[in-house]
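Please examine the sequence and the three-dimensional model shown here.

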Amino acid sequence: MYANTALSVGTRPSATTDLALYKDIASHWPSGVAVITAVGCDGKLHGLTMSAVITLSLVPMQFLISVDRRSVTLPVIKDLGRFCINFLTSSQEGIAMQLASKSGDKLNSVRHRISQWGLPIIDGALASITCDVHSILPGGDHEIIIGDVLDMEHAGGEPLVYFKRSFHSVSAI
Ligand SMILES: Cc1cc2nc3c(=O)[nH]c(=O)nc-3n(C[C@H](O)[C@H](O)[C@H](O)COP(=O)(O)O)c2cc1C
């Protein structure tokens, strides 16, 4: 909080009364769709659908992901210290829905391979980026994870886009 007295005092939005407006505004910000994967120390595969992915830094090459504190995958990423970002293509909406669920073995029914870094890479993904966790910051009800790029693959294709609470292809917008 800044102590600049030139700042006017207004009425701040409240999460109690203004959350619907916040969500509505957020829904009008288009984003790509990724699936983040990780592996538990018991060998179990985990993953979740994510739109909060940012290309953070060029030198060093870093990505930022923002994970809900309630996510089952979050502690797995933190324990492992590594995660893989899979950018989905416009034909992979079904995978996005599947990985947004809470089903325990949700990655088992999605075609994938295990990379040399030990993480699931989703077949047909537009790109897959393996990261080592660099740092973790608090982000309200989310945790912000910054990852150093360890490996990258780029198969190409048309990205899956999330906009106004539904999935789109770039050409259809
Ligand atoms: C399009 C879309 C984008 C999402 N983006 C995020 C996100 O950025 N961060 C997040 O924590 N959850 C996000 N979710 C929700 C998670 O995918 C969902 O809560 C999932 O069930 C978490 O799985 P887990 O508990 O197995 O980790 C998104 C879901 C959808 C459909």
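Over how many bridges do strand 9 and strand 10 pair? In this predicted model, strand 9, which covers residues 127-139, pairs with strand 10 over twelve bridges, and the sense of the pairing is antiparallel. Within this pair, Thr130 is found opposite Asp151 of strand 10.

An open sheet is formed by seven strands, in the order 3-2-6-9-10-5-4, with antiparallel pairing. Strand 3 (45-50) and strand 4 (53-57) each have a single partner strand, so these two stand at the edges and one side of each lacks a neighbour in the sheet. From one strand to the next, the twist averages 35 degrees. In general, the strands of a sheet pair through backbone hydrogen bonds, in either a parallel or an antiparallel manner.

A helix accompanies the sheet. Helix 2, made of residues 73-80, lies across several strands, including strand 5 (62-68), strand 6 (82-87), strand 9 and strand 10. Strand 2 (34-39) is also among them, and helix 2 runs at about 55 degrees to strand 2.

Attention may now turn to one residue of the sheet. Asp148 lies in strand 10, which spans residues 142-154. Asp148 counts as partly exposed because 16 C-beta neighbours lie inside 10 Å, whereas a buried residue would need 20 or more. Apart from neighbours within four places in sequence, Asp148 is in contact with Pro60, Gln62, Cys131, Asp132 and His134. Asp148 and Ile136 are twelve residues apart in sequence, and their C-alpha atoms are 12 Å apart in space.

Methods
Residues numbered from 1 in each chain as written. Predicted model: local features only at pLDDT ≥ 70, side-chain atom pairs only at ≥ 80, totals over all residues. Helix = DSSP H or I, 4+ residues; strand = E, 2+ residues; numbered from the N terminus. Buried ≥ 20, exposed ≤ 12 C-beta atoms within 10 Å, placed from the backbone. Contact = placed C-beta atoms within 7 Å. Pairing = 2+ DSSP bridges. Axes fitted to C-alpha atoms, helices over the stretch in contact; angles between N-to-C directions.
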